[in-house]
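I opened the notebook to look up a few local features in this model. The entries follow in the order in which I took them.

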Amino acid sequence: MKPIVTMETLKGRDREIGRNSVDTQDFESLRTGRFWNIYKLGLSYFLRYYLYVRFQIIPRQKARRKAEYPLNLVVEPTNRCDLNCIFCARQIMRRKQGDMTLSMFRSVIEDLSERRCLPYMMHMHFLGEPLLNPDLPKMIRMAKDAGISIVRCNTNGTYLNTVEKCRELLDSGVDILTVVVEPTEKIQAETRINSDLSLVERNLLRLKRLRKGRRPTLIGETLALKGITSHADLESGFDRWRRIFDLYDVIPAGTWGGQVKDYDLMPQPKECCREIWTNSVVLWNGDVTSCWNDTDGRFVMGNVKDESLVDIWNNNEYENLRNIHRREEYSRVPLCEQCIQVR
């Protein structure tokens with residue numbers, strides 16, 4: 001687990017580079033695996049999430065021991081997007097763009113349900129803007145009806161621009177909706193090309209009015225970008241966004257395994273790979289890849305159109321990759337060798 005990033009640690013870094021320090025609350029990121037604020041999702045979710053992380057995820061990752069099936073499943077509804085963010089791996093993506101079909105998603109859910117191998121958490125997002133797939137609300141409802149405990153979705157907020165779209169998403173049963181925003185219009189315009197922060201804010205206020213206390217829990221995230229985001233900006237973001245989101249966190253910018261420019265204000269210590277033991281990714285065309293950083297699907301282990309996700313998870317290709325990591329022979333896998341998070 002990554003160390004907690006706090007305002008105090010960032011103030012120290014801020015003094016080093018000559019920026020103004022701020023005095024505001026500590027922040028901790030839910031997306032990087034921490035659960036200090038998960039109680040806001042409700043006591044039942046807190047208990048289940050704690051048990052899930054404490055006794056299922058962490059022990060397997062530390063021991064480099066795979067789960068019987070993916071406990072965290074990432075599904076890519078689409079890899080299309082209306083924005084061109086400077087820190088996003090879509091800028092280097094070369095694979096074909098498209099949307100996952102509802103029938104393919106249904107087949108995956110039905111197979112996992114029949115095998116009693118439903119993941120605890122499903123992330124309806126990889127590359128792209130999920131709301132560009134018109135079947136997204138149906139997919140989320142299908143996953144919830146099947147019994148998946150937590151279904152999360154990320155969005156840039158641009159397409160929550162009508163009452164109808166907001167209601168469709170609310171009625172889908174999604175548990176957590178994460179919206180990544182910047183603290184100011186200037187930073188949003190510079191880093192999230194084609195985005196309008198004021199529009200996103202209006203869309204979120206519309207969604208919150210329609211939600212009326214129901215789920216999803218709304219989580220806002222701001223990336224602390226080295227060379228771009230100052231502490232004055234972060235303070236402004238806290239003041240602006242805490243009134244809208246149920247949880248608002250500032251998180252370090254990732255590098256997609258060293259594939260894009262490093263904007264991380266607080267470089268993290270390297271650790272063993274966490275992905276291949278408990279997590280898996282299904283791309284929009286059905287390809288299954290082993291890593292959240294495999295933006296181009298270079299290490300495809302199989303395709304759900306041809307075989308079960310559970311069989312792919314346990315096949316020889318997947319196990320060979322895990323053995324490479326057990327022996328720390330990262331040079332044999334180009335993506336792993338260049339990953340700045342794994343050693």
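**Entry 1: Tyr69.** I began with contacts (heavy atoms within 4.5 Å). Leaving out residues up to four places away in sequence, I find Tyr69 touching Arg116, Cys117, Leu118, Pro119, Val310 and Trp313. Tyr69 itself sits in the loop between helix 2 (43-63) and strand 1. I also checked Tyr69 against Arg116: they are 47 residues apart along the chain, and their C-alpha atoms are separated by 9.8 Å.

**Ground rules.** I am reading a predicted model, so local features need pLDDT of at least 70 and side-chain atom pairs count only at pLDDT 80 or more, while totals for chains, interfaces and linings use all residues. Residues are numbered from 1 along each chain as its sequence is written, and side-chain values use heavy atoms, with hydrogens and water left out.

**Entry 2: the whole protein.** I took helices (H or I, at least four residues) and strands (E, at least two) as DSSP runs, numbered from the N terminus. The protein has 12 helices and 11 strands. For burial I used relative accessible area: buried is under 20%, exposed over 50%, partly exposed in between (1.4 Å probe, protein chains only). Of the 343 residues, 57% are buried. I then looked at contacts between residues at least 6 apart in sequence; 73% of them join residues at least 24 apart.

**Entry 3: helix 3.** Does the length of helix 3 agree with or depart from expectation? The expected span is 1.5 Å times one less than the number of residues. For the 13 residues of helix 3 (residues 102-114) that gives 18 Å, and the end C-alpha atoms are 18 Å apart, which agrees. I list Leu102, Met104, Phe105, Val108, Ile109 and Leu112 as buried in helix 3. Seen down the axis, the buried residues fall within an arc of 170 degrees, so they line one face of helix 3. The arc is that of the directions from the helix axis to the C-beta atoms. The buried residues of helix 3 pack against strand 1 (72-75), strand 3 (121-123), helix 4 (136-146) and helix 10 (309-313).

**Entry 4: positive phi.** Most residues other than glycine have a negative phi. I looked up exceptions. Arg116 is not a glycine, yet its phi is positive, about 60 degrees. Arg116 lies in the loop between helix 3 and strand 3. It counts as exposed because its relative accessibility is 74%. Glu328, also not a glycine, has a positive phi near 60 degrees. I place Glu328 in the loop between helix 11 (316-326) and helix 12 (334-338). At 46% relative accessible area, Glu328 is partly exposed.

**Entry 5: helix 4.** Which residues of helix 4 are buried? I count in Leu136, Pro137, Met139, Ile140, Met142, Ala143 and Lys144. Just after helix 4, Gly147 takes a positive phi of about 115 degrees.

**Entry 6: Leu177 and Thr217.** Leu177 belongs to strand 5 (residues 176-180). Its relative accessibility is 0%, so Leu177 counts as buried. Beyond four places in sequence, Leu177 touches Cys153, Thr155, Leu160, Leu169, Leu207, Pro216, Thr217, Leu218 and Ile219. Its C-alpha atom is 8.9 Å from that of Arg215, 38 residues apart along the chain. I turned to Thr217, in strand 7 (residues 217-224). Thr217 is buried, at 6% relative accessible area.

**Entry 7: helix 7.** The 15 residues of helix 7 (residues 197-211) should span 21 Å, and the end C-alpha atoms are 21 Å apart, in agreement. I find Leu197, Val200, Glu201, Asn203, Leu204, Leu207, Leu210 and Arg211 buried in helix 7. Their cover includes helix 5 (163-171), strand 5, helix 6 (185-191), strand 7 and helix 8 (231-241).
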